[in-house]
Amino acid sequence: MTLNPQLSVCIDAVYEGVSESEAIARVAETGIKAFEFWCWWEKDLDQLIRDRDRHGMTIASCCTKFVSLVDPGKREEYLQGLEESIEAARRLDCKTLISQVGDFLPGVSRQDQHQSLVDGLRQAAPLLEQAGVTLVIEPLNDLVDHVGYYLVKSDEAFEIVNKVGSDNVKVVFDIYHQQISEGHVIDRLTRNIKDIAHFHAAGNPGRNELTRGELNYPEIFAAIRETGYQGFVGLEYWPVGDADASLRAVVEMVASPR
């Protein structure tokens with residue numbers, strides 16, 4: 001079955017508490033052909049590769065080390081973590097690394113922190129370009145889940161990646177987070193699709209199944225499809241009901257476009 005857009009499952013969220021091998025097998029049984037996770041340095045990479053290959057799947061994304069980009073004093077630590085993450089991504093044949101940017105620094109102007117982000121990503125860009133890996137920075141909501149985080153709105157994230165000016169530095173547009181932070185998600189994602197290299201999706205409120213809450217995912221998926229987007233939509237939510245059934249519901253949603 002070919003799904004458009006392509007789906008990936010965050011096994012750390014949807015199958016929290018389940019072994020990675022079992023989670024990957026259960027994802028495969030739903031008909032979804034890709035999975036993702038957060039901290040590669042906490043995983044058995046050889047086992048992930050075996051499980052991936054056993055089920056004929058793709059690893060859509062994982063995270064780079066969680067080091068602040070808004071603090072220039074941590075720049076070298078960030079770049080070192082990125083180099084290690086690029087090497088892990090190469091082993092995993094994973095083309096996308098997700099980067100958080102760090103918490104807001106009290107006593108430092110927002111303008112200076114914004115510029116530190118741009119400068120750090122400009123230094124990261126040649127490493128990514130040489131490796132053929134795309135780094136996506138992640139805006140998160142600070143009202144519910146990530147109080148104190150620096151990068152809240154996708155508008156600023158798009159401004160940052162445009163200043164960096166590399167095809168290997170883009171944005172992960174988390175529909176759940178941006179519904180809380182900004183709203184107007186269809187308008188924002190369609191206007192800025194050239195700067196988006198990954199999506200995340202969850203229901204709001206609650207960060208549960210896509211079939212729960214106020215977000216109209218059939219319409220959102222249709223809007224993404226109409227842009228010609230070729231990347232993945234990562235399903236990053238905590239199911240209230242049966243996890244397998246919740247994934248099959250998304251597959252049906254995507255396979256039966258409006």
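Okay, let's start in the middle: the largest nonpolar core has 80 residues, and I175, F199 and L235 have the most contacts inside it. By nonpolar core I mean a set of buried Ala, Val, Leu, Ile, Met, Phe, Trp, Tyr and Cys residues joined through side-chain atoms within 4.5 Å. And buried means under 20% relative accessible area, with exposed being over 50% and partly exposed in between, using a 1.4 Å probe and protein chains only. As a general point, nonpolar side chains in soluble globular proteins tend to be buried together.

A quick word on what we're looking at. This is a predicted model, where local features need pLDDT of at least 70 and side-chain atom pairs count only at pLDDT 80 or more, while totals for chains, interfaces and linings use all residues. Residues are numbered from 1 along each chain as its sequence is written, and side-chain values use heavy atoms, with hydrogens and water left out.

Now, I175. Setting aside neighbours within four places in sequence, I175 is in contact with V185, F199, H200, A201, L215, Y217, I220 and I224; contact here means heavy atoms within 4.5 Å.

Let's zoom out to the fold. Eight strands close into a barrel, in the order β1-β2-β3-β4-β5-β6-β7-β8, with parallel pairing. Neighbouring strands of this sheet are turned by 30° against each other on average, direction ignored. On the sheet packs helix α10 (residues 243–255), touching β1 (6–10) and β8 (232–235), and the direction of α10 makes about 165° with that of β1. For those angles, axes are lines fitted to C-alpha atoms, for helices over the stretch in contact, and the angles run from 0 to 180 degrees between N-to-C directions. Helices (H or I, at least four residues) and strands (E, at least two) are DSSP runs, numbered from the N terminus, and two strands pair if DSSP finds at least two bridges between them.

Which residues of β5 are buried on each side? T134 and V136 on one side, L135 and I137 on the other, so both faces are covered. In a regular strand, side chains alternate between the two faces of the sheet.

Who sits beside β5? There's β4 (residues 96–99), which pairs with β5 in the parallel sense over four bridges. Across that pairing, T96 has T134 as its bridge partner, and L97 stands opposite L135. There's also β6 (residues 169–174), paired with β5 in the parallel sense over three bridges, with I137 opposite V171.

How does the chain get from β5 to β6? Through helix α6 (residues 154–164), in a right-handed β-α-β crossover. Likewise, β4, helix α5 (residues 110–131) and β5 make a right-handed β-α-β unit. Right-handed means that, with the strands pointing away from the viewer, the path from the first strand over the helix to the second runs clockwise.

Moving on to β6: six of its six residues are buried, so β6 is largely enclosed by the rest of the structure. It pairs with β7 (residues 196–201) in the parallel sense over four bridges, and there F173 has F199 as its bridge partner.

Leaving out residues up to four places away in sequence, Q178 touches P139, L140, V152, K153, S154, F173, G183 and V185. Q178 is buried, at 1% relative accessible area, and its side chain makes a polar contact with the side chain of E182 at 2.6 Å. A polar contact is a pair of N or O atoms within 3.5 Å; within protein, one must be able to donate a hydrogen and the other to accept it, and residues adjacent in sequence count only if both atoms are side-chain atoms.

Last stop, N208, in the loop between β7 and α9 (217–227). Buried or exposed? At 15% relative accessibility, N208 counts as buried. Its side chain reaches the backbone oxygen of G206 at 3.3 Å.
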